[in-house]
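Please read the numbered points below with the sequence and the model open side by side.

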Amino acid sequence: MPSRHPQLNAHGELKHLLTIEGLSRNLIHHILDTAAGFLGVSDRDVKKVPLLRGVSVFNLFFENSTRTRTTFEIAAKRLSADVVNLNINTSSTAKGESLLDTIDNLVAMHADMFVVRHAQSGAPFLIAEHVDRTRGNVHVINAGDGRHAHPTQGLLDVYTIRHFKKDFTNLRVAIVGDVLHSRVARSDIHALTTLGVPEVRVIGPRTLIPGGLEQLGVHVFHDMREGLRGVDVVIMLRLQSERMRGALLPSAQEYFKHYGLTEEKLALANTDCIVMHPGPMNRGVEIDSAVADGPQAVILDQVTFGIAVRMAVMSLLAKS
Amino acid sequence: MTTLDVESAYAHLRDSIAAVVPLAREGLSLVGVHSGGVWVAERLRRDLQLSGPDGALSSAFHRDDYGRRGLPTDLKSTRLAFEVEGADILLVDDILFTGRTVRAALNEIFDYGRPARVRLAVLIDRGGRELPVAADFCGVRHELPADRAFVLSRDDSGRFSLVIE
């Protein structure tokens, strides 16, 4: 194993984006600053800049996701890249081809960048190590691997917080819900603590909060009302019922009663608290419609910022 | 150190624009190229009492050296506070050298619409053109070898100073 961080090149630049863990505060701010420069591109007459002209981006989604795949596709197209979406479920993998054989074939077609989503934690790392060994100039972006990481979501979340709150060093941020299955929560925690947020809280039932979170500097609450008191930012997580095996929860109604975000519970937070959600939302399960559509929700801003953040990541990687 | 008097170059640029630009100044859109060009444009706008819309422009997205140098470390946004379609634009930059920045800046403008006219004003023309680009207004011409660079700065009152690196 090489000793250096697998996503940085010899000059300390980002070559792949696999996880937020291990990125420096300066590098995260640099990515966010760059994203701010791309934000206006989507408002122009011509919603396109020529930076990635001639670059081939392959979206490899081994796990379904319309939203994330679409935002990566839009980001790549606004940079003038050529985008190929591979529907893996109906392709060679279903015929028995191994993951790395699939990658080798796509590299032989002169792919420059892979955007990978996979149900197995670590799959994008495996691909990045493989292309580093076999080809020098292919880039990998992790678009979500298992329960492990979803770094572009973490980056767009801190972009959103910086946009509305300006400064990280006086904030209380609460992450609420199904932390156990959430790669978003892990990426958010790493981003927030790296950026100097003094108090990161997670709130959820004992069955959906993994052990060891305190070692990441996080405060754990099981009572939502107690946990929301005085926070500046609430990040709601989607209840990932498709990942649940066994009796982790009594019912969606019971979950909503204890951990659903309602106006009444939100009133315990600071009055200028913003409400975030990575989508897709389960209304009436983790969030009430009155909050999701209310004045404190910045959920659609997250979507807009997500395009700019992904444009920034792609253009920084492509020329590292 | 340089013997170039950047303040008198600025005065010459200002006066040569004032001699040509008609009194209906509100029709002219002044657009500075980040960062030095924005400073020159701000000062021209004030000194010539131009009341038309303004803008600040980043050439980063259209640069032809992205493939070698990547994005600048401080990526700036383009802000054009007017309808580009049909506009009469005075594009302002501090130093005119190869012409590649001007080419990228023109492409950037056209991403927002089709202007009626674009003219170019520069504080210093240092020669060394690699593209067929010429300034309509120029403060001073001063040749500089390719391995040197002018670096413009301004103080709190907006006055310019220049060093050669």
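1. Ser35(B) belongs to the loop that runs between E1 and helix H2 (36-47) of chain B. The peptide bond between His34(B) and Ser35(B) is cis, with omega about -10 degrees. Helices (H or I, at least four residues) and strands (E, at least two) are DSSP runs, numbered from the N terminus.

2. On conventions, residues are numbered from 1 along each chain as its sequence is written, while chains are lettered from A and ligands numbered from 1 in the order in which they are written. The model is predicted: local features need pLDDT of at least 70, side-chain atom pairs count only at pLDDT 80 or more, and totals for chains, interfaces and linings use all residues.

3. Pro280(A) is placed in the loop between E9 and helix H10 (289-292) of chain A.

4. Chain A is divided into domain 1 (25-150 + 304-318) and domain 2 (151-302); such bounds come from an automatic or database domain assignment. The C-alpha centres of domain 1 of chain A and domain 2 of chain A are 26 Å apart. Their contact takes 22 residues from domain 1 of chain A and 25 residues from domain 2 of chain A, two residues being in contact if their C-beta atoms, placed from the backbone, lie within 7 Å.

5. Which elements supply at least two residues each of the side of domain 1 of chain A that touches domain 2 of chain A? They include helix H1 (25-38), strand E4 (139-145) and helix H11 (299-318) of chain A. H11(A) gives the largest share of that side, six residues. By class, the residues of this side are ten nonpolar, seven polar and five charged. Here Ala, Val, Leu, Ile, Met, Phe, Trp, Tyr, Cys and Pro count as nonpolar, Asp, Glu, Lys and Arg as charged, and the others, Gly among them, as polar.

6. Four strands of chain A make an open sheet with parallel pairing, in the order E2-E1-E3-E4. Two strands pair if DSSP finds at least two bridges between them. At the edges are strand E2 (82-87) and E4 of chain A, each pairing on one side only. Strand E3 (residues 113-118) of chain A and E4(A) are joined in the parallel sense over five bridges, and Val115(A) has Ile141(A) in E4(A) as its bridge partner.

7. Another open sheet of chain A has five strands in the order E7-E6-E5-E8-E9, again with parallel pairing. Its edge strands are strand E7 (218-221) and E9 of chain A. Strand E6 (residues 199-203) of chain A runs parallel to E7(A) and is joined to E7(A) by four bridges; Val200(A) has Val218(A) as its bridge partner in E7(A).

8. Is strand E8 (residues 233-236) of chain A covered on one face or on both faces? Both are covered: Val233(A) and Ile235(A) on one side, and Val234(A) and Met236(A) on the other, are all buried. A residue is buried if 20 or more other C-beta atoms lie within 10 Å of its own, exposed if 12 or fewer, and partly exposed in between, with C-beta atoms placed from the backbone. In a regular strand the side chains alternate between the two faces of the sheet. E8(A) pairs in the parallel sense with strand E5 (residues 172-176) of chain A over four bridges, and with strand E9 (residues 274-276) of chain A over three bridges. Ala174(A) stands opposite Val234(A), and Ile235(A) has Met276(A) in E9(A) as its bridge partner.

9. In helix H4 (residues 100-110) of chain B, the buried residues are Thr101(B), Val102(B), Ala104(B), Ala105(B), Glu108(B) and Ile109(B). They lie on the same side of H4(B) because they cover an arc of only 160 degrees around the axis; the arc is that of the directions from the helix axis to the C-beta atoms. Among the elements covering them are strand E1 (28-33), strand E2 (54-57), strand E4 (88-96) and strand E5 (117-125) of chain B.

10. Two non-glycine residues with positive phi complete the note. Lys166(A), with phi near 70 degrees, lies in the loop between helix H5 (151-165) and E5 of chain A. Lys166(A) counts as exposed because it has 9 C-beta neighbours inside 10 Å. Gln49(B), with phi of about 50 degrees, lies in the loop between H2 and E2 of chain B. Gln49(B) counts as exposed because it has 8 C-beta neighbours inside 10 Å.
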